[in-house]
Amino acid sequence: DVDNVFSSTYSAYKIVVNCVASLTDVLRLRYRTGGSSGADHTGSSLYSYNYSYLTLGGSGGKTHSGATTDNYLQVASGFSGNTGFAFEIYSPYEAKNTLATWHVIGSQSGTDYFYDGAGIVSDTTSITGFGLYLDTSARTLTGEILTYGYSEE
């Protein structure tokens, strides 16, 4: 979890992650509220997302998967090796819907993939942080998270 990272100083953010999963699993992002004492932001059918992926080095086409859920954006599936991804987060702290786009690259069972996705949190709660996690709670992510705020000039 990364708490107290979004504020009124910036209206858009870039999150860059370089990580490794302990085992192949589904990668998810959940927003957090409450500043430094953050709590997961959940609610009935609050998050909506869709993503597509391509097999790198192959001739396969795109596959699309999307859902409306209570507490996460599904970012990618798989990846037992190192994974790199970048998020663009729009208006998380403002009294607006929080919007996100992302790109992910990684390997699963010897095949390389590129994911592209987008999601929205359909309410006006002020988001102050985020958490990244794997679907199976006993599995872990290790690596680095870099967060940048965009300012107008």
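A residue is called buried when its relative accessible area is under 20%, exposed when that area is over 50%, and partly exposed in between, as found with a 1.4 Å probe on protein chains only. The structure is a predicted model, in which local features need a pLDDT of at least 70 and side-chain atom pairs count only at pLDDT 80 or more, while totals for chains, interfaces and linings use all residues. Residues are numbered from 1 along each chain as its sequence is written, and side-chain values use heavy atoms, with hydrogens and water left out.

**Confidence**

The predictor's confidence in each residue is given as pLDDT, on a range from 0 to 100. For the protein chain the average pLDDT is 90, and 98% of the residues score at least 70. The elements named here are DSSP runs numbered from the N terminus, where helices (H or I) have at least four residues and strands (E) at least two. Among the elements of the protein chain, the lowest mean pLDDT, 83, belongs to strand 5 (residues 63-69), and the highest, 94, to strand 3 (residues 39-40). Where pLDDT is low, predicted coordinates should not be read in detail.

**Two residues with a positive phi**

Most residues other than glycine have a negative phi. Asn-4, however, has a phi near 60°, a positive value in a residue other than glycine, and this residue lies in the segment before strand 1. Asn-4 counts as partly exposed, because its relative accessibility is 49%. Ser-91 also has a positive phi near 60°, and its place is in the loop between strand 7 and strand 8. Is Ser-91 buried or exposed? Ser-91 is buried, because its relative accessible area is 13%.

**Residues and their contacts**

Contact here means heavy atoms within 4.5 Å, and the contacts described below leave aside residues up to four places away in sequence. Thr-98, found in strand 8, is buried, with a relative accessible area of 1%. Ser-91 is one of the residues that Thr-98 touches, and others include Tyr-31, Ile-89 and Ile-127.

Val-26 has its place in strand 2 and counts as buried at 18% relative accessibility. Among its contacts are Gln-74, Gly-78, Tyr-133 and Leu-134.

| Pair | Apart in sequence | C-alpha to C-alpha |
|---|---|---|
| Val-26 and Tyr-133 | 107 residues | 8.4 Å |
| Leu-141 and Thr-33 | 108 residues | 22 Å |
| Ser-126 and Phe-85 | 41 residues | 24 Å |
| Gln-108 and Arg-32 | 76 residues | 29 Å |

Ser-126 is found in the loop between strand 9 and strand 10, where this residue counts as partly exposed at 29% relative accessibility, and it touches Thr-33, Pro-92 and Tyr-93. Gln-108 lies in strand 8 and is partly exposed as well, with a relative accessible area of 23%. The residues touched by Gln-108 include Thr-24, Gly-78, Phe-79 and Tyr-113.

**The nonpolar core**

A nonpolar core is a set of buried Ala, Val, Leu, Ile, Met, Phe, Trp, Tyr and Cys residues joined through side-chain atoms within 4.5 Å. The largest such core has 31 residues, and Tyr-31, Phe-87 and Trp-102 are those with the most contacts inside it. Several strands each supply at least two residues of this core, including strand 2, strand 7 (82-90) and strand 8 (98-108). Which strand gives the most to this core? Strand 1 does, with five residues.

**The cavity**

On a 1 Å grid over the protein atoms alone, a cavity is a set of points where a 1.4 Å probe fits but cannot get out, and lining residues have an atom within 4 Å of a point. Grid points are joined across faces, edges and corners, and a volume is the space filled by probe spheres set on the points. One cavity of 30 Å³ or more is counted, and the largest cavity holds about 50 Å³ of space. The lining of the largest cavity includes Cys-19, Asp-25, Gly-78, Phe-79 and Leu-141. Strand 1 (12-21) and strand 2 (25-33) are the elements that give two or more residues to this lining.

Leu-141 belongs to strand 11 (residues 141-150) and is partly exposed, with a relative accessible area of 27%.

Notes:
On a 1 Å grid over the protein atoms alone, a cavity is a set of points where a 1.4 Å probe fits but cannot get out, and a pocket is an open set with protein on both sides within 12 Å along at least five of seven lines; lining residues have an atom within 4 Å of a point.
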